[in-house]
Amino acid sequence: MRTLLVLGGGYGGLALIQELLDHHLPHDVEIVLIDRMPYQGIKTEYYALAAGTVNDYHLRIQFPVHPRLTVRYGEVGSIDLDSRIVILESGEPVSYDILAIALGCTDNYHGIPGAEEYTCSIQSFSGTRETYRRLNDIKPYGTVNIVGGGLSGVEMAAELRESRPDLNISILDRGERVLSAFPAKLSQYVEEWFSEHQVQTLGRVSVSHVEKDAIFNGTQEIPADVTVWTAGIQPVKVVQQLELSKDRGGRIIVGPHYNVADYPEVYVIGDCASLPFAPSAQAAGAQGEQVAQVLQALWRGDTPKLGRIKLKGTLGSLGKNAGFGLMGRRSVMGRVPRLLKSGVLWMSKRHFG
């Protein structure tokens, strides 16, 4: 038997597995999935878990059950590419013939002193649970600072506002406006929503260091009961430790079929791969499906032919009743993008669950 070892049961890893199980898996290939949790966490909705507007159970998707799929639970400690062995943190080795690295990302603290120690995260399920506990333990009229005005920071602030009308909430960003990667019209709509709902947005804040109950913009102290970090991501530590060619964001450089030049049996999917678009659940899922198509072609003895990945756009929510999005080049705002986002979530639960 040949072993396809998939590290990470997130959007990319599960899309790869599902595509192979649904279509063509040769009789001499077995799939082994390693994940630290017994289910996939719907990461795009972790902000709602942190705010307390959904419960943990609603954000779980069970892994597929199939006679040729083995799921093993554990944290990946290291990857030995030359020996084709993955070592779990428990010390247990797992060998492979083909490897798919789909371990996702973690916070990037940009070397800022105190940021990792004193801020909350929404990057992992366990980190988000801890953030939920800390946010919901704040006494009325307390203060929350959210560092980073990208999609995660905006959704976190809006959801927390609906959950805790009593709190003082601010978004702090380096740029001049929130959602700086989006068209100005969208940013303005979101800024107006925040203004109406008493969420303060502070631009041109360059965090110099973080202390237990404050962040510092140079010498200016900005106090808070809790600070949530949504100011950038990077590949997980195991991937950071691999001595492979990487881009400026630390993501592994892959070829046109998403494998590594020196180790063609190793594929990299999602946030760990250097791709021509921003990391997202949608991109990871589409890429996972394409890696399955590459493997199917190779197993048939054909040359893989892949089309260009076409992303459907980005949707964000402002609480439960409003949202925003970018569909191609078109900006959408108001109730419709929020309904669309709920529909996409429902579909992904149906598709994988």
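These legends describe close-up views of a predicted model. In this predicted model, local features need pLDDT of at least 70 and side-chain atom pairs count only at pLDDT 80 or more, whereas totals for chains, interfaces and linings use all residues. Residues are numbered from 1 along each chain as its sequence is written, and side-chain values use heavy atoms, with hydrogens and water left out.

**View 1. Helix H1 packs against helix H8.** Two packed helices are described by the angle between their axes and the distance between the axes. Here H1 (residues 11-22) and H8 (residues 281-300) meet at an angle of about 35°, and their axes are 7 Å apart; helices (H or I, at least four residues) and strands (E, at least two) are DSSP runs, numbered from the N terminus. Axes are lines fitted to C-alpha atoms, for helices over the stretch in contact, and angles run from 0 to 180 degrees between N-to-C directions. The crossing of H1 and H8 is right-handed, a term used if the near helix is turned clockwise from the far one by less than a right angle. On the H1 side the contact (heavy atoms within 4.5 Å) includes Tyr11, Ala15, Leu16 and Leu20, while among the residues of H8 that take part are Ala284, Gly288, Val291, Leu295 and Trp299. Sorted by class, the contact between H1 and H8 has 10 nonpolar, five polar and two charged residues; Ala, Val, Leu, Ile, Met, Phe, Trp, Tyr, Cys and Pro count as nonpolar, Asp, Glu, Lys and Arg as charged, and the others, Gly among them, as polar.

**View 2. Strand E9 is covered on both faces.** In a regular strand the side chains alternate between the two faces of the sheet. In E9 (residues 98-101), Ile98 and Ala100 on one side and Leu99 and Ile101 on the other are all buried, where buried means under 20% relative accessible area, exposed over 50%, and partly exposed in between (1.4 Å probe, protein chains only). Strand E1 (residues 2-7) pairs with E9 in the parallel sense over four bridges, and Leu7 stands opposite Ile101 in E9; two strands pair if DSSP finds at least two bridges between them. Strand E20 (residues 263-268) also runs parallel to E9, joined to it by three bridges, with Leu99 opposite Val266 in E20.

**View 3. Ile79 and Leu99 have the most contacts inside the largest nonpolar core.** This core has 52 residues, a nonpolar core being a set of buried Ala, Val, Leu, Ile, Met, Phe, Trp, Tyr and Cys residues joined through side-chain atoms within 4.5 Å. When its neighbours within four places in sequence are left aside, Ile79 is in contact with Leu7, Ile85, Val86, Leu99, Ile101, Val238 and Leu242. Another core, of 42 residues, lies apart from this one, and among its members are Tyr47, Ile138, Phe182 and Leu186.

**View 4. Four parallel strands form an open sheet.** The strands follow the order E13-E12-E11-E17. Strand E13 (199-202) and strand E17 (226-229) stand at the edges, each with a single partner strand, so one side of each is left without a neighbour in the sheet. From one strand to the next the twist averages 20°. Strand E11 (residues 143-147) pairs with E17 over four bridges in the parallel sense, and Ile146 stands opposite Val228 in E17.

View 5. Five bridges join E21 to E22 (residues 322-327), and Ser317 has Gly323 in E22 as its bridge partner.

**View 6. His110 and Gln198 are loop residues.** His110, in the loop between strand E10 (105-107) and helix H3 (115-118), has a positive phi of about 55° although it is not a glycine, and at 44% relative accessibility His110 counts as partly exposed. Gln198, in the loop between H6 and E13, likewise has a positive phi of about 55° without being a glycine, and at 58% relative accessibility Gln198 counts as exposed.
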